[in-house]
Amino acid sequence: MIDLHTHLLPGIDDGAKSLEEAVQIIRQGRKIGITAICTTPHLSSSFTKDRAEKIMENFLMLQERIYEEKIDIQLYLGSEIDLRMNFDSIKRLPFFFINQTQKYLFVELPLGEFPSFTERILFSLLIEGLSPILAHPERSLSKEGDFERIEKLKDSGILIQLNAGSFLGDFGKKIQKQAQRLLEKDLVDFVSSDAHDLNRRPITVMAEAFKMVKKDSGEEKGVKLFRKNPEKILRADNIETQVEIKYF
Ligand SMILES: [Fe+2]
């Protein structure tokens with residue numbers, strides 16, 4: 001499996017609290033069959049230049065530890081950007097995109113909300129030739145019309161990432177059902193752990209969710225959502241989407 005969405009850099013966000021914890025999370029991931037991890041610190045309006053430097057510093061330190069401890073896993077850097085952020089001011093950051101692809105980036109909705117300006121922001125990124133990935137929208141849907149909005153976003157070329165824990169009911173029954181429904185409607189591009197720590201939001205949810213998705217939607221679909229699509233993203237390859245070209 002390949003896990004593109006995690007919070008492993010100590011002192012940066014609400015993820016791992018120490019380098020030790022980050023290393024242990026990565027070990028846990030390797031044990032369940034994860035071969036590559038991208039860590040994606042939250043970027044929100046409280047972001048500063050100092051924090052940017054600290055992200056790079058901590059990432060390089062963690063990468064070195066993985067190498068020293070001979071953990072057989074590839075570690076990449078990206079970010080998870082708050083939808084309300086000024087994207088122009090942070091575009092030059094070396095970790096704005098996933099693995100410096102100059103193409104793929106995670107955008108996060110405010111917790112539990114699906115603001116009306118979401119489309120405007122995501123479409124403006126698309127127009128620039130970028131491929132925004134909406135992070136865990138299943139956690140923000142509240143009404144029937146929200147599913148249609150996701151469908152339209154997907155049809156336009158926005159990618160959709162769901163959290164592995166959502167399939168397991170870790171965020172409640174409602175979010176579990178919403179995740180299953182998005183999967184049934186074929187609106188999901190890939191699944192990640194969104195791991196924050198060792199126990200409360202662990203990386204191990206990937207193994208259970210992988211099993212569950214394979215059981216419900218077949219082996220091929222599981223492999224696509226947990227390995228093939230994330231791999232393409234890391235390489236900046238195009239991933240198969242449902243984009244319909246419409247002529248007006
Ligand atoms: Fe996250």
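Author: Let us begin with a definition: helices and strands are DSSP runs, numbered from the N terminus, a helix having at least four residues and a strand at least two. The model before us is predicted.

Reader: What makes Thr 6 buried or exposed?

Author: The cut-off for a buried residue is 20 or more other C-beta atoms within 10 Å of its own. Thr 6 has 29 other C-beta atoms within 10 Å, and therefore it is buried.

Reader: Which residues does Thr 6 touch, not counting residues up to four places away in sequence?

Author: Thr 6 touches Ile 37, Cys 38, Thr 39 and Thr 40, and also Ser 193, Asp 194, Ala 195 and Ile 203. Arg 30, by its C-alpha atom, is 14 Å from Thr 6 in space and 24 residues from it in sequence.

Reader: Why are helix 1 and helix 2 called oblique to each other?

Author: The axes of helix 1 (residues 19-31) and helix 2 (residues 49-68) cross at roughly 55 degrees and come within 10 Å. Angles under 35 degrees count as roughly parallel, those over 145 as roughly antiparallel, those from 65 to 115 as roughly perpendicular, and the rest as oblique. Helix 1 and helix 2 are therefore oblique to each other. Helix 1 gives Leu 19, Ala 22, Val 23 and Ile 26 to the contact, and helix 2 gives Met 61, Leu 62, Arg 65 and Ile 66. By class, this contact of helix 1 with helix 2 has seven nonpolar residues, no polar residues and one charged residue. The crossing of helix 1 past helix 2 is right-handed.

Reader: How do the axes of helix 8 and helix 9 cross, and what is the handedness of the crossing?

Author: The axes of helix 8 and helix 9 cross at roughly 145 degrees and come within 7 Å. The crossing of helix 8 and helix 9 is right-handed. From helix 8 the contact takes Met 206, Phe 210, Val 213, Lys 214 and Ser 217, and from helix 9 it takes Glu 219, Lys 221, Gly 222, Leu 225 and Phe 226. These residues divide into five nonpolar, two polar and three charged.

Reader: Which residues of the largest nonpolar core touch the most other members?

Author: They are Ile 98, Val 107, Val 191 and Met 206, in a core of 59 residues. Helix 8 (residues 205-217) supplies the largest share of this core, five residues. Beyond its neighbours within four places in sequence, Ile 98 is in contact with several residues, including Leu 4, Cys 38, Tyr 76, Phe 106 and Leu 234.

Reader: How do you know whether Leu 234 is buried, exposed or partly exposed?

Author: The count for Leu 234 is 18 other C-beta atoms within 10 Å. A buried residue needs 20 or more and an exposed one has 12 or fewer, with partly exposed in between. Leu 234 is therefore partly exposed. Leu 234 belongs to helix 9. Not counting residues up to four places away in sequence, Leu 234 touches Ile 2, Ala 36, Tyr 76, Ile 98 and Asn 99. Between Leu 234 and Phe 97 there are 10.0 Å in space, C-alpha to C-alpha, and they are 137 residues apart in sequence.

Reader: How is Arg 227 classed, and why?

Author: Arg 227 has 19 C-beta neighbours inside 10 Å and so counts as partly exposed. Arg 227 is found in helix 9 (residues 219-234). Leaving aside neighbours within four places in sequence, Arg 227 is in contact with Met 1 and Ile 2.

Methods
Residues numbered from 1 in each chain as written. Predicted model: local features only at pLDDT ≥ 70, side-chain atom pairs only at ≥ 80, totals over all residues. Axes fitted to C-alpha atoms, helices over the stretch in contact; angles between N-to-C directions. Left-handed = near helix turned anticlockwise from the far one by under 90°. Contact = placed C-beta atoms within 7 Å. Nonpolar A, V, L, I, M, F, W, Y, C, P; charged D, E, K, R; others polar. Core = buried A, V, L, I, M, F, W, Y, C linked by C-beta atoms within 7 Å.
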